[in-house]
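Hi,

Here is the structure I promised to pass on to you. Have a look at it first, and then read on for what turned up in it.

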Amino acid sequence: MELKTFRGGIHPPYKKEATAGKATVKSSVPGEVVIPVQQHVGAPNTPTVKVGDRVEAGQKIGSSEAFISAPVHSSVSGTVKAIEERPNFTGAPTNSIVITADASQPDKWAEKKDVSGLSPEQIREVAKEAGLVGLGGAAFPTFVKLTPPKDKPIDTVIINGCECEPFLTCDHRLMMERPDDLIAGLKLMMKVVGAQRGIIGVEANKMDAIDLLTSKVSGEPGIEVVALEVKYPEGAEKMLIEAVTGRRVPPQKLPSEVSVLVQNVGTAIALYEAAALGKPVVERVLTVTGPCIKEPKNLVVKVGTPISHVIEQCGGLVGTPVKIIMGGPMTGWAQKDLTASVVKGTSGILALDAATVDMNAEQRCVGCDQCLDACPMFLTPNLIVKSARLGKWEEADKYGARDCFECGACSYVCPSKIPHVAYVRKSKAELAAASEVKGGA
Amino acid sequence: MSANEYLLTAPPHIKREDRISTAMRDVAIALIPVIVMALVFFRLYALVNLVACVIAAVASEWVMRKIMGREPNIGDFSAIVTGLFVALLMPPAVPFWYAMIGTIIAVALVKELMGGLGYNIFNPALFGFVSMLIISRLWALENVTLNLGSLDGVTSATPLTFIKEGVLNGLRPGYWGLFLAHAGGAMAEVSLIAVLIGAAYLMYRGHITWHIPVSIIGTAFILSAILGQNPLYFVMAGGLAFGSFFMATDWVTSPDNRLAQIIYGVIIGILIVVIRVYAAPTGAVAYSILIGNALTPLLNKVVVRKRFGAVKTVPVTESE
């Protein structure tokens, strides 16, 4: 089979064996959930409940009037214990609603209704009300993506089933266990944006999912499954679009520029659930794995569940973990402890030991150029770093700082162990601050 | 459980195992065929100079880092590699202490004094070698005749002097001699095939790409032909191949993106031909690469790669 791909990228060890074949299981409900009112890219929500209120699972507890935003819902039935700032997974203090869960949780959202009669407008509304965001990790409000600019018609919807981050297998499991819901979700998306073509892109290390989905879409006009080369970051939006359609999204533009909409596997399934069951985003599948997790699993976890509770569901920690990561090992967030809670965008929780994590000290750049070859955006990572070290932010941008989507491929290959992504983030912050000053003056 | 503290460093959290030392070790491995040929031809002369230069390199790095308050860095192999290079760039008949001075200049001045590996503008080994080439000329005015020549140069009958004099018959080594093995010139210039084997290994390991060597050699081939030279002999003789594959590709002192590397290679190729044909054949490759080194920061600034999506915009097709 001919595998499609993009230029650049890296081949890290994938280490998915521990969980790839394990069916998803439901985690127990923790005694208390901590739900940050902001879990998405965009405007923050305001809590719509008070301390002491009774809340039902699926009840909206935070919302915003802003366009780029997504409401949050209670993931459990229980009582609001506190509304206060708690550090979220990035460590930033975030207004959070703490809910004490009832001992027994109702079994809701069992009744399926037919979704074929929904109009595009209604489907958009469903996505918005369900608080749906990109579940691949980016957490951009889905409703906004489903509302492309009028002058940019969408002809193709791509479902991102690459899961190119090492260790993670939750999307793989979803494709294996819920192919019909996935295809139903894709059809809803195609209907919303009026696309004739639907493509499910899957990396070739998941041949079972490719075969299963291919057989499922055989009777579906306009929908196909495309096998992609196993390479990181195959699942990055722009890389995936190029691999699948040959179209290149211009720098700092959105996929709608080339008439494409990309959504993650989990997002498509969640959209279908929201439409058919009326279920908002209150839980998600995530992969709990790494050499320091006793029993690695693909778990269905309630939003707001603390990391410690998730890890207990997997037999706890073993060995000597040096890093706990929320997300994948390439782009995830390191945790200082196990208190942060699972949010809508959490794709995994990893416990890594010293042998897995890079512990080497940063050395001087020796100009080996491997970061240039690895960079899927064709940037010059080493010179971004060099410029950023000197505080020359404009120059950092000349070498591509603002076009970087922080995949980390450069740092992965770097023989000097330079944390390029940290320098890029700093450059972006400085450039944003500088343009704000300019705009305000 | 939640009282534990874990590492909070930025992503990515996993990295490839390769380090600077891995690459330097690979360069040393790539030099093995060249070193073996030198030892076969020059025996003790080659051995003494190689050992002397490596000792001088490691010792001067250690001393300089000590003085400048830096951690010792012998584990990264870069001093050892520099020492090997300086020795190989010189002819075997050069006294060992002379080669050692060149090595000390390379490591102590050109590398450590500039801030250490990664901060140097010039290729340390080439700079050390060229320094000694110039010093030897001044020296020669005084008294002794030191046969110092090499990366392209040599004082006695070598292929390059034939090129300069336009003589292509007689005593010169033939193509097979150049390709397989011949004495004359620097230790690195004994055998073209040895150089190519080492270069192939570096390419296989991903440390160098074709861009710089091919553009240097290609440019030299074409331009020398235009100027009425025998182009094949021109690129096979002297240190052109060794310089192109091992010296001009030096990570630190060559430009970063592929287009800039090609421009860099073409400039060096032109300089080599001009210097060899119109000036002195001795040291032409070394001078040319050093001038290229000096242009590297400029090339990195001016030649910026085209970003993803900026290359071409695909016309938006209406939905069928």
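E406(A) counts as buried, because it has 20 C-beta neighbours inside 10 Å and the cut-off for buried is 20 or more. Please keep in mind that this is a predicted model. You will find E406(A) in the loop between α12 (393-398) and α13 (409-413) of chain A. There is something else to look at in E406(A): its phi is positive, about 65°, although the residue is not a glycine.

K15(A) is another residue with a positive phi, about 50° here, and it is not a glycine either. Look for K15(A) in the segment before α1 (17-20) of chain A.

Now for chain A as a whole. It has 14 helices and 17 strands. Its radius of gyration is 21 Å, close to the 22 Å that the globule rule gives for 441 residues, so chain A is as compact as a globular protein of that length. If you draw a box along the principal axes, the C-alpha atoms of chain A fill roughly 60 × 55 × 50 Å. Of its 441 residues, 58% count as buried. Take the contacts in chain A with a separation of 6 or more: 72% of them join residues 24 or more positions apart.

Chain A is also divided into domains: domain 1 covers 119-277 and domain 2 covers 370-440. The centres of these two domains of chain A, taken over C-alpha atoms, are separated by 29 Å. How many residues of domain 1 of chain A are in contact with domain 2 of chain A? Six residues of domain 1 are, and they meet six residues of domain 2. On the domain 1 side of this contact, five residues are nonpolar, one is polar and none is charged.

- Helix α4 (residues 170-177) of chain A packs against helix α6 (residues 207-216) of chain A at an angle of about 35°, and their axes are 9 Å apart. The crossing of α4(A) past α6(A) is left-handed. From α4(A) come H172(A), M175(A) and M176(A), which meet D208(A), A209(A), L212(A) and L213(A) in α6(A). The residues of this contact between α4(A) and α6(A) are five nonpolar, one polar and one charged.
- A195(A) sits in the loop between α5 (179-193) and β10 (197-203) of chain A. It is buried, with 22 other C-beta atoms within 10 Å. Although A195(A) and G222(A) are 27 residues apart along the chain, 9.2 Å separates their C-alpha atoms.
- The peptide bond from Y232(A) to P233(A) is cis, with omega near -5°. P233(A) belongs to the loop between β11 (223-228) and α7 (237-245) of chain A.

Chain B has a cis peptide bond too, from P11(B) to P12(B), with omega near -5°. P12(B) lies in the segment before α1 of chain B.

Further along chain B, what is the burial of helix α12 (residues 240-247)? Eight of its eight residues are buried, so this helix of chain B is largely enclosed by the rest of the structure. Among the buried residues of α12(B) are L240(B), F242(B), F245(B) and M247(B).

There is a helix pair to look at in chain B as well. Helix α10 (residues 211-226) of chain B and helix α13 (residues 258-278) of chain B have axes that come within 7 Å and cross at roughly 35°. This crossing of α10(B) and α13(B) is right-handed. The residues making the contact include I212(B), I216(B) and L223(B) of α10(B), together with I262(B), V266(B) and V273(B) of α13(B). Sorted by type, the residues of the contact of α10(B) with α13(B) are eleven nonpolar, eight polar and one charged.

Finally, the two chains meet: 47 residues of chain B are in contact with 65 residues of chain A. On the chain B side, helix α1 (residues 20-30) of chain B gives the largest share, three residues. The residues of chain B that touch chain A divide into 21 nonpolar, 14 polar and twelve charged.

Happy exploring!

Terms used
Residues are numbered from 1 along each chain as its sequence is written. Chains are lettered from A and ligands numbered from 1 in the order in which they are written. This is a predicted model: local features need pLDDT of at least 70, side-chain atom pairs count only at pLDDT 80 or more; totals for chains, interfaces and linings use all residues. Domain bounds come from an automatic or database domain assignment. Two residues are in contact if their C-beta atoms, placed from the backbone, lie within 7 Å. Ala, Val, Leu, Ile, Met, Phe, Trp, Tyr, Cys and Pro count as nonpolar, Asp, Glu, Lys and Arg as charged, and the others, Gly among them, as polar. Helices (H or I, at least four residues) and strands (E, at least two) are DSSP runs, numbered from the N terminus. The radius of gyration is taken over C-alpha atoms; the globule rule is 2.2 Å times the number of residues to the power 0.38. A residue is buried if 20 or more other C-beta atoms lie within 10 Å of its own, exposed if 12 or fewer, and partly exposed in between; C-beta atoms are placed from the backbone. Axes are lines fitted to C-alpha atoms, for helices over the stretch in contact, and angles run from 0 to 180 degrees between N-to-C directions. A crossing is left-handed if the near helix is turned anticlockwise from the far one by less than a right angle, and right-handed if clockwise.
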